[in-house]
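I opened a protein model today and kept notes on what I looked up.

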Amino acid sequence: MKNLKKFLMRLKIAAKLIWSGNLRIIIKNISTRINSEITSIGFERESSKSFITPNSKISFSIRPFKDSDLNTLKEQFRHERLVKERMETCYIAFDSNNNNCYRQWLIGSSENVKIKNYFGDLFPTLKEHEALIEGVYTNPDFRGLGVMPRAMSLISEAGFKSGYNRIIVFVNLSNIPSLKGCYKSGFTPYVIRKEKWFLFKRHVSFDKIPLSVSKALADLNINK
């Protein structure tokens, strides 16, 4: 029943993408699942380590996500399935004109079952007082303004105040802006994840970060 529900939701989103002229997104997702290898870096931030929240080029506030916020960030139905899962907790950043500029989930260990059901083996099981950042998305109109680093840092600090002592997030190795954004948010790399797809079957593995990758990440941090 759950698999049928997921399939119908994906089918519905696919129909929306086709109707809105975004067939290329569907083609890209299918080609990824036929044969690909995706490398991501796992970052962590601990409550015990002090950090000064970075500034952004615009002022904004943060609040919990509401259903009416769905598809208000020019996201082309991105993360719509995740919204429907009702994982706790999703946040929205909005500017002085009430324009939504950023969205992100901060998911605690109490949601481990939902995380497993939705993401499969993509993430390690969260321990008590740990949380996962997922579904990070910045409205294209607000990119390059330092919104992500500040918002991610502020939401993490709110998480620490609510009782989390460690927060993790995974970023595709090719996504340089987001890698830099994690550093600016006070996160440091701790693990590498390999996600291999072949004929719609996925294998996920975690390992220590190779020295060559560590040096490349260090250069990003130095030049952030």
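The entries below go from the whole chain to the cores and then to the rings.

**Entry 1: the whole chain.** I noted to begin with that this is a predicted model. I looked up the secondary structure and found seven helices and eight strands in the protein chain. The chain has 224 residues, and 43% of them count as buried. I then turned to the contacts between residues with a separation of 6 or more; 73% of these join residues 24 or more positions apart.

**Entry 2: the cores.** Which residues touch the most other members of the largest nonpolar core? I found Ile41, Phe43, Tyr102, Cys182, Phe187 and Leu217, in a core of 29 residues. I checked where the members come from: strands β1 (35-46), β3 (90-95), β4 (100-108), β5 (130-138) and β6 (166-172) each supply at least two residues, and so do helices α5 (147-161), α6 (176-184) and α7 (211-222). Helix α5 gives the largest share, six residues.

Leaving out residues up to four places away in sequence, I listed its contacts; among them are Ile167, Val169, Leu179, Cys182, Phe187 and Tyr190. I also found a second, separate core of 22 residues, which includes Leu73, Leu82, Cys90 and Leu126.

**Entry 3: the rings.** I searched the whole structure for aromatic pairs and got six. In the pair of Tyr118 and Phe119, the ring centres are 4.6 Å apart and the planes meet at 70°, so I wrote it down as edge-to-face. Tyr118 and Phe119 are both buried.

Next I took Phe123 and Phe170. Their ring centres are 5.6 Å apart and their planes are at 55°, so this pair is tilted. Phe123 lies in the loop between α4 (112-119) and β5, while Phe170 is in strand β6, so the pair ties together parts that are 47 residues apart in sequence. Are these two residues buried or exposed? I found Phe123 and Phe170 both buried.

I then followed the ring pairs along: they link Tyr118, Phe119, Phe123, Phe170, Tyr190 and Phe206 into a cluster.

**Entry 4: charges over rings.** I looked up which charged ends sit over a ring. The charged end of Arg166 is over the ring of Tyr190, 4.8 Å from its centre. I also noted Arg143, which lies over the face of Tyr137 at 5.2 Å from the ring centre.

How values were computed. Residues are numbered from 1 along each chain as its sequence is written. This is a predicted model: local features need pLDDT of at least 70, side-chain atom pairs count only at pLDDT 80 or more; totals for chains, interfaces and linings use all residues. Side-chain values use heavy atoms; hydrogens and water are left out. A nonpolar core is a set of buried Ala, Val, Leu, Ile, Met, Phe, Trp, Tyr and Cys residues joined through side-chain atoms within 4.5 Å. Buried means under 20% relative accessible area, exposed over 50%, partly exposed in between (1.4 Å probe, protein chains only). Helices (H or I, at least four residues) and strands (E, at least two) are DSSP runs, numbered from the N terminus. Contact means heavy atoms within 4.5 Å. Rings of Phe, Tyr and Trp (its six-membered ring) pair if their centres lie within 6.5 Å; planes under 30 degrees apart count as stacked, over 60 as edge-to-face and the rest as tilted. A charge sits over a ring if NZ of Lys or CZ of Arg is within 6 Å of the ring centre and within 35 degrees of the ring normal.
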